[in-house]
Every structure is written in C-alpha cells, then in structure tokens.
Amino acid sequence: MKFFWIIPFFLLQDTEAFLMKNAKVKLCLQASPMDGSLLLEDCNPETDFQDWSWQGDSLMNHGTQSCLSVVEAGRVQTSLCGGTGYVSWDCSNSLLSPLGSSQGYLVANKKGVALNDVRGLRAQWQDVADRSVCEEKAEQDRYFTAALASTHMYDPTAGNVTLALGIDQVELEELLWFFRREDPSTWNYSILALSFVAMILGLLLLSINVVRNRKRKIHMYREAEQTVQQAELEAKQALMPVQEYSPIEPQKQEPVPQDQRSGEVVVQWKDGTVTSLYAERSEDA
C-alpha cells in the first residue's frame, strides 16, 4: 500500500520531459551516452538523450539517467545523480546557475556548454514551445506538491500531519528519490531474455510447420498417384472383351472324331452333322 501513490506519480512524471533549447543558437542540449559530455544538436523529440526533466532542483537526462553537474571549474557535463559532481540548479528568467554558488550561468558556446557570467541570449534556455525552463520547473513543483499532498491526511486528534500510507514525509521523499534513479538494467535484461525465448519458440513452431507441410504434400502425391493407377486399370478393363481368357481354366477342345483321318477336312453343320469337305473318291474315278 505504501507505493499506491508513488507509482501514478512517476507515470505522470514521464510526460513532463522537455527539450532544452538555447535561445541564441536554436539548438538543443543533448547528453552523450559515452562520456557524459554535453553537445548542442538539432532538436529531435524522438531521442531520449535530449529529454530533460526537473527532479526537485536537479535536471536529469532521460537517456543517460544522469543529472546535469559541474565536474570542474566552468566545465559542465552529466554525472550520476547524487554523486561527487552532483549540482542543484537555480532557475530564474530562463537562466540556469548552480544553486548556492557564484560560478556563473549555463551558457552555450562552440564546444557545447560551460559556466560563464554572460547573461545574454546564449545563457537563456527554453523548450521547443519557446517557454522558459523555469516554467517547466514551476509546473513540476506543482505536480510534486500535489502528489505529496494527496498522500497526507490531517488528524485533528493527534494535532499533526500524518501520511495515509503509514510513513512519514522524509521516508516518502527517500522512496521517491530511490525510484527516480533506479537502475533499469534488470528489467532490460529480463525483456531481452524473454525476447530470445520467444524467438526460439517461433523458430521451433516454424520448423514443425515446415515438416508437417512436407509430409502432407508427400501424402497427397501418393494419393494422386494411386488414383491415376486405378483410373488406368479401369480403362484397360473397359477395353478388354467380355469373355476374358483365364489361364487357370484352359479352353476345352472338342474331341476329334475317331473316324477322321489325318489330313481330312471336316465341316460341322448347323444340325450337328459332321461331314468331310471333300468326298472320298475311288481310285478308278
């Protein structure tokens, strides 16, 4: 229950990302994922390395999950939020300066950005809608205050402010900061492993489908071959005479009359009589 109000707050917080565009050069501040350096590039809302958001008095880059920091005298880059070079920023009239310091303002130059005492257009930062980044901070502060206020409940009997979640304000702020800078590597690796398993399963189903289709084609080919053979056999049977020759039962040959001599031609008439084709003549005739 203690995370009931924290989760919607961070879901809303993702919509507060904005691009930091310099009012003079009209280029956006982009963080490098390699060494944390800062560049001025053409504004591109599609890349996370140009997305910035206010986290209290800090400016966090969504692509590197690191904060805008001062690492050396006048040198600005991104570093781990809460680290050695971590710096909070004061925003006034579109000017950004390290909070509680007189090092100057965040100014755009040829190499990127640096701290300088110049207060012209090169030191003014806006979003893509030409609104001051200070207005973005004011809106973020209102969201943060509303999120904290929604978790509070006034107890008149106790005479103080308590949290409806059962935790005090300090612990809630620590939880908010923890989830704000949580490392997403575990989630990314889990999604990568799940994608790999899904790919293996897809390949397995594909191979099974290929094998089954091949067997089905072979079966259909054999059925078609048997059908053709059966049709040929039926055609041959239709062309054969009605009385087929049976080798098992040889045809009965009519007996030759015993009085028939060799070389004599006989004729069997319709009435059944058998006579010699050539009448025997006497030697005198």
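Q: Which residues have the most contacts inside the largest nonpolar core?
A: In this predicted model, they are M20, W52, V76, W89, L96, L106 and W125, in a core of 23 residues. A nonpolar core here is a set of buried Ala, Val, Leu, Ile, Met, Phe, Trp, Tyr and Cys residues joined through side-chain atoms within 4.5 Å. Local features need pLDDT of at least 70, side-chain atom pairs count only at pLDDT 80 or more, and totals for chains, interfaces and linings use all residues. Residues are numbered from 1 along each chain as its sequence is written, and side-chain values use heavy atoms, leaving out hydrogens and water.

Q: What makes C28 and C43 a disulfide?
A: Their sulfurs sit 1.9 Å apart, and a disulfide is a pair of cysteine sulfur atoms within 2.5 Å, so the pair qualifies. The torsion about that S-S bond is about 90°, so the link is right-handed.

Q: Why is C28 called buried?
A: Buried means under 20% relative accessible area, exposed over 50%, partly exposed in between (1.4 Å probe, protein chains only). C28 comes in at 0%, so it counts as buried.

Q: What is C43 called, buried or exposed or partly exposed?
A: Partly exposed, because its relative accessible area is 32%.

Q: How many disulfides does the rule give?
A: The count comes to 3, and one of them joins C91 to C134.
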